[in-house]
Amino acid sequence: MGESTKQHDASELAAGYTAQHRTYEICGIIVAIASSSWLIARIVQSPPLSGWWMPLAALVGILLSDFISGFVHWLFDTWGSLDTPVFGRLAIRTFRHHHVDQKAITTHDFIETNGHNISLTTIYSVSGLLVLRSAETVTLSDVFICMSLVWATLFTAFTSQIHKWAHQDQPSRLVALLQRTRIILAPEHHAAHHSAPYNRNYCITVGWMNGPLRAIRFFETLERTITAITGVLPREDDIGKRAALAVATENGTLDQPDEKKALAVTRD
Ligand SMILES: [Zn+2]
Ligand SMILES: [Zn+2]
């Protein structure tokens, strides 16, 4: 990162991956596989099922998964610190670690890479099971929603794996082909996220949502609103106050001179 950035120590962050955290990930993977298998079984048994809707369900599921990857990534990159209750050690640590040591992810095994994301897909499959809870009243739109959730489950489950491939020097030929055709996140597209001003391309599943979200200034608007309400400077814990102030000024997050001055004084 640039000269004015101030970041955490990589080895300290890496040491935060504890045995308890790994146990939680293994349990999460088991629960997620069970609940998504149950959802697929319920979809297959549903009378209004039609394969013709599958391509559209896949597109909706992939876009949903890409958007969620961007939203969660932005949330933990931009706000909070290692001391944030629950999420500090559970999630924010891995995001800070990745920014100070991009290649570390390529050395993580399957559980450390994917455990968290696979566990979180339980939210999709349980939502789908609730939609299909009464077999007699299931409609085609219910089944469509659930098919989309299955695709979102698949892509969210492997978002970190796809992200890991984007940082690998020599991915397999099949992975390289998927990256070149933009079916999964392309390394050069993701590289923009790791370059100044560190506020682009948060979506890391396929990256298709990055352009539209940037066009409507989605994250910039959220940051401006949150800073106006709370006075908290975005990404201060990630890149240090000086660099964070520069990015916020460039983003238009701090357009009131008084606000800029107050943050500069109180956050030293
Ligand atoms: Zn990031
Ligand atoms: Zn990355």
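## Salt bridges, a zinc site and a nonpolar patch

Asp-237 has a relative accessible area of 23%, so it counts as partly exposed. Keep in mind that you are looking at a predicted model.

Asp-237 has a partner: it forms a salt bridge with Arg-96, and the closest N and O atoms are 2.7 Å apart. Arg-96 sits in helix α4 and Asp-237 in helix α13 (residues 236–239), so this pair ties together parts that are 141 residues apart in sequence. Arg-96 is buried, with a relative accessible area of 1%. As a general idea, side chains of opposite charge can pair when their charged atoms come close.

How many salt bridges does a search of the whole structure find? The search finds five.

| Salt bridge | N to O distance |
|---|---|
| Arg-96 and Asp-237 | 2.7 Å |
| Asp-169 and Lys-103 | 2.9 Å |
| Arg-214 and Glu-220 | 3.2 Å |

Look next at Asp-169 and Lys-103, whose side chains meet in a salt bridge. Asp-169 lies in the loop between α8 and α9 (173–180), while Lys-103 lies in the loop between α4 and α5, so the pair ties together parts that are 66 residues apart in sequence. Asp-169 is exposed, with a relative accessible area of 66%, and Lys-103 is partly exposed at 39%.

Now find the zinc ion (ligand 2). Which residues coordinate the zinc ion? They are His-98, His-163, His-167, His-190 and His-194, each through its NE2 atom, at 2.0 to 2.2 Å. Along the chain, these donors follow the spacing H-x64-H-x3-H-x22-H-x3-H. His-190 is buried, with 1% relative accessibility, and His-194 is buried too, at 13%.

Another histidine to visit is His-193, in the loop between α10 (187–191) and α11 (210–215). Is His-193 buried or exposed? Its relative accessibility is 1%, so it counts as buried. The side chain of His-193 makes a polar contact with the side chain of His-73, at 3.0 Å. Leaving aside neighbours within four places in sequence, His-193 is also in contact with other residues, among them Asp-77, His-99 and Tyr-202.

The loop between α10 and α11 also holds Trp-208. At 33% relative accessibility, Trp-208 counts as partly exposed. Trp-208 belongs to a nonpolar patch on the surface, which it forms with Trp-52, Trp-53, Leu-56, Leu-59, Val-60 and Leu-140. Together these residues have about 730 Å² of accessible area. Helix α3 (residues 54–78) supplies the largest share of the patch, with three residues.

For a contrast with the surface, turn to helix α5 (residues 110–120), which is mostly covered: eight of its eleven residues are buried. Among the buried ones are Ile-111, Asn-114, His-116 and Ile-118. What do the buried residues of α5 pack against? Their packing partners are α2 (19–44), α4 (87–100), α6 (122–131), α7 (140–157) and α8 (159–167).

How values were computed. Residues are numbered from 1 along each chain as its sequence is written. Chains are lettered from A and ligands numbered from 1 in the order in which they are written. This is a predicted model: local features need pLDDT of at least 70, side-chain atom pairs count only at pLDDT 80 or more; totals for chains, interfaces and linings use all residues. Side-chain values use heavy atoms; hydrogens and water are left out. Helices (H or I, at least four residues) and strands (E, at least two) are DSSP runs, numbered from the N terminus. Buried means under 20% relative accessible area, exposed over 50%, partly exposed in between (1.4 Å probe, protein chains only). A polar contact is a pair of N or O atoms within 3.5 Å; within protein, one must be able to donate a hydrogen and the other to accept it, and residues adjacent in sequence count only if both atoms are side-chain atoms. Contact means heavy atoms within 4.5 Å. Donors are N, O and S atoms within 2.8 Å of the metal (3.2 Å for Na, K and Ca); water is not among the atoms, so sites may look incomplete. Patches are made of residues with over 30% relative accessible area and no salt bridge: like charges are joined within 9 Å, nonpolar side chains (Val, Leu, Ile, Met, Phe, Trp, Tyr) within 5 Å. Accessible areas come from the Shrake-Rupley method with a 1.4 Å probe; for residues, only the protein chains shown count as cover. A salt bridge is a side-chain nitrogen of Lys or Arg within 4 Å of a carboxyl oxygen of Asp or Glu.
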